[in-house]
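I set out below, in notebook form, what I looked up in one structure. The entries run from the whole chain to single residues.

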Amino acid sequence: MKKTGTLLFLGMMAAFILNAQNPNLNYNKFKQLKEEFPTPNVYRTASGAPGHEYYQQKADYKMDIRLDDDNQKLYGTETITYYNNSPDVLTYLWVQLDQNMRAKDSDTYKIRSGELNDRVSFRQLSRMENRFDGGFKVEHVKNAGNQDMTYLINKTMMRINLDQPLNPGENVSFSIKWWYNINNHRVQGGRSGFEHFAEDGNNVYNIAQFFPRMAVYNDVEGWQHKQFLGSGEFALVFGDYEVSITVPSDHIVAATGELQNPKEVLTATQRKRLAEARKSTKTPVIIASQEEAVEREKSKASDTKTWTFKASTVRDFAFASSRKFIWDAMAVEQNGNTIMAMSAYPKEGNPLWGKYSTRVVAHTIEVYSRFTFDYPYPVAWSVDGSMGMEYPMICFNYGRPEKDGTYSQRTKYGHIGVIIHEVGHNYFPMIVNSDERQWTWMDEGINSFLDAVAGQEWETDYSWGARPSGITRYMSMPKDRLSPIMTNSESAMNLGPNAYTKPATGLYILRETIMGRELFDMAFKEYAQRWMFKHPTPADFFRTMEDASGVDLDWFWRGWFYSTDNVDIAIDEVKWMQPNTKNPEVENAIARAKRDAAPKYIGDQRFEEMESLVERDTTMRDFYNSYDPLDVNILDKKEYESYLNTLNEEEKEFLNAGYNFYSMKFSNVGGMVMPIILEFKFVDGTSEIVRVPVEIWRKTNDKVSKVFYFKKEVEQIILDPLEETADTDRNNNYWPPRAEPTRFELFKSRSRRGGGENPMQRAKRAQEMEKKAGDNKSGGKKE
């Protein structure tokens, strides 16, 4: 036993030493991702497609929900029917209790780090203690026979023990009764909750994560029951929903799914307007006007109405409710199907919401469907929620003008951008149903890439993000402050750029620079359609993009997603060279010109001013005093003619073409390999961009050299001239070398112009001043 252990240790040490002696064995940037990717199997293939035995579970929900507007509480009962489509026998189920993140004993509050400085805000202090009594109050869990089931709540997860094992192909039904206090998301924060409007005493409710939801069971994780700490969002099961929501009778409700009882909850006028909106594909139709909303705000109904919605093949359900809501809608026609794009918002959102929201919803559906698949649901809501959050068929968005109706450019484009982004989430992850709890980037990063494309199609003159130059500052941060994209959502440092901006930028670079739009779009659509209404993993995405395009991208996934390497390619050296034509008349003339133009040493200049001995005594002269080695004689010409006779016509043409050769050396400073893109600017004012594929780095990852030649003389060379590759240091991107200045702002002696006005307010004030000046002038008055 002792000898065997010693031999094993020595063998391990020998393997370690061998690896250390050959670093490229494990660290070549082009090494295939065999160890990183899971082994293909009957559930998920090596091509990235679902396997022939792929399965996923299903959970159907029937719910009765009551909103207590007076006390901001939500009461609910649900019946869940869970279908075991796996090959495994299940003896217990896991249910997600996401509201428990707000419970007084929640780990979310316990694990918050922080420190005190000399100045501390009341908000900082309030965040140290959770005074809000949040979390689900579960009253019972019962089986189909109305008998109590045993269960255990573990923070944001609940294990329900089954009375009998659930075999493959079987289903089980059980019911849960619960209630919880609704958080004021303006005070406690959060992805859902209510907002109170003090001026009229009313609330807007954006309700989500409001019911116990089934956890995912699959071939990758088994039960996905990672605790919800606040950053990693959700992993959810597809199913069919029937939800009845009881609210004050003067409320308007927007929700996942189609309204089943419009005659019971809508007025005849509202139903007529809704029918008109179903035919309007150009402009939104007002269903509930601002004037009507203002009237509803003046009093609070004491009776209730129940709105019933049904939704098929969705992974979640959310709704919004308020008497303050204005409601508009328009139709989006798509291959014979009519989709209702709709918005609900309080008067505080106008004129911004009425002008843009529903039109942006329709635009998003059109663009995203072109890149993926036809939108399969009947409705798409955008609801004012002073946040950005997404659910099937409904999302909560932000963006409100000032009280005078004006708004800044940032507010406008933030409003448009968040609607595109959140409506886009209907595709990722609501339909292409990735695991958000584990891999935030699979929905946020992919969606951020596509929302930038949709934003560009909305207005080309505005920068919508995902541009490579936008991520360089983040990627050049110290490595101890960075995490690879392939990091769990709760553990990633700088979650915003890491899960949104960096993956989106990576896909932008793939599409615009590495693969090209045609190949990328074809492969991206293949991924979307393969995994529509299924549960993909990162490997499924990576493999599909390669399988459908025929492009080996392992180097890109490894560098951009699995590491914290940054792009920084440097021009180390440029040598300008020309071929020797061996034509004595040409070469000697060039040499003479260089000789005559060469600067003279200061000592030589002084000696030229005096008369030398040879000049005074001519007898000291011989052949070499009159010999010029650059003079061409008949022997030189004969030798040249003999040389030409050894060349074929193609070689002669190349020799006399007058090419300029530039021998260049590059180094990979940042670690992330990329194509080498060079702009050559010529002395005649023209330029040419040359693209060298990334595979030039395949054997030597740190340094490469390459020769370029042109008939024109090069004046300047720029590396990555269009800023396509997210190069973090452009100071080493030029020949001749030059530095790019870093901009800084002088602010001490300047105040914000106009006292903090937005441009609309400033323009309005200028118009009023011009009008006043014009009135005074016409009246004969002086300013």
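The entries below begin with conventions and then turn to the chain, its salt bridges and selected residues.

**Entry 1. Conventions.** I note that this is a predicted model, in which local features need pLDDT of at least 70 and side-chain atom pairs count only at pLDDT 80 or more, while totals for chains, interfaces and linings use all residues. Residues are numbered from 1 along each chain as its sequence is written, and side-chain values use heavy atoms, with hydrogens and water left out.

**Entry 2. Whole chain.** I looked up the secondary structure and found 22 helices and 30 strands in the chain. Helices (H or I, at least four residues) and strands (E, at least two) are DSSP runs, numbered from the N terminus. I then looked up the radius of gyration, which is 35 Å for the chain, whereas a compact globule of 783 residues would have one near 28 Å. This radius is taken over C-alpha atoms, and the globule rule is 2.2 Å times the number of residues to the power 0.38. Along the principal axes, the C-alpha atoms fill a box of roughly 130 × 110 × 65 Å.

I recorded that 49% of the 783 residues are buried. Buried means under 20% relative accessible area, exposed over 50%, and partly exposed in between (1.4 Å probe, protein chains only). The chain exposes about 39,900 Å², of which carbon and sulfur atoms supply 50%. Such areas come from the Shrake-Rupley method with a 1.4 Å probe; for residues, only the protein chains shown count as cover. Of the contacts between residues at least 6 apart in sequence, 74% join residues at least 24 apart; contact means heavy atoms within 4.5 Å.

**Entry 3. Salt bridges.** I took a salt bridge to be a side-chain nitrogen of Lys or Arg within 4 Å of a carboxyl oxygen of Asp or Glu. By this rule the count is 47. I examined Asp-540 and Arg-44, whose side chains meet in a salt bridge at 2.6 Å, N to O. This pair links distant parts of the chain, 496 residues apart: Asp-540 is in helix H14 (residues 538-549), and Arg-44 is in the loop between helix H2 (24-27) and strand S1 (58-68). Both Asp-540 and Arg-44 are buried.

I next examined Lys-177 and Glu-139, whose closest N and O atoms are 3.6 Å apart in their salt bridge. Because Lys-177 lies in strand S7 (residues 171-181) and Glu-139 in strand S4 (residues 137-143), the pair ties together parts that are 38 residues apart in sequence. Lys-177 is partly exposed at 33% relative accessible area, and Glu-139 is partly exposed at 44%.

The salt bridge of Arg-323 with Asp-250 has its closest N and O atoms 2.8 Å apart, and both residues are buried. I also noted one network, in which salt bridges that share partners join Asp-200, Glu-297, Lys-324, Lys-347 and Glu-348.

**Entry 4. Helix H15.** Is this helix buried or exposed? I found that 8 of the 8 residues of H15 (residues 554-561) are buried, so the helix is largely enclosed by the rest of the structure. Among these buried residues are Trp-555, Trp-557 and Trp-560. The elements that cover them include helix H10 (441-458), helix H11 (472-475), helix H12 (495-514) and H14.

**Entry 5. Thr-156.** I located Thr-156 in the loop between strand S5 (151-154) and strand S6 (157-166). Thr-156 is buried, with a relative accessible area of 4%. Its side chain makes a polar contact with the side chain of Gln-227 at 2.5 Å. A polar contact is a pair of N or O atoms within 3.5 Å; within protein, one must be able to donate a hydrogen and the other to accept it, and residues adjacent in sequence count only if both atoms are side-chain atoms. Not counting residues up to four places away in sequence, Thr-156 touches several residues, including Val-95, Leu-97, Met-101 and Phe-228.

**Entry 6. Lys-575.** I placed Lys-575 in strand S24 (residues 569-577), where Lys-575 is partly exposed at 44% relative accessible area. Leaving aside neighbours within four places in sequence, Lys-575 is in contact with Phe-661, Tyr-662 and Ser-663.

**Entry 7. Tyr-627.** I found Tyr-627 in the loop between helix H19 (623-626) and helix H20 (634-645), partly exposed at 42% relative accessible area. Phe-623, Tyr-624 and Tyr-627 form a nonpolar surface patch with about 390 Å² of accessible area together. Patches are made of residues with over 30% relative accessible area and no salt bridge: like charges are joined within 9 Å, nonpolar side chains (Val, Leu, Ile, Met, Phe, Trp, Tyr) within 5 Å.
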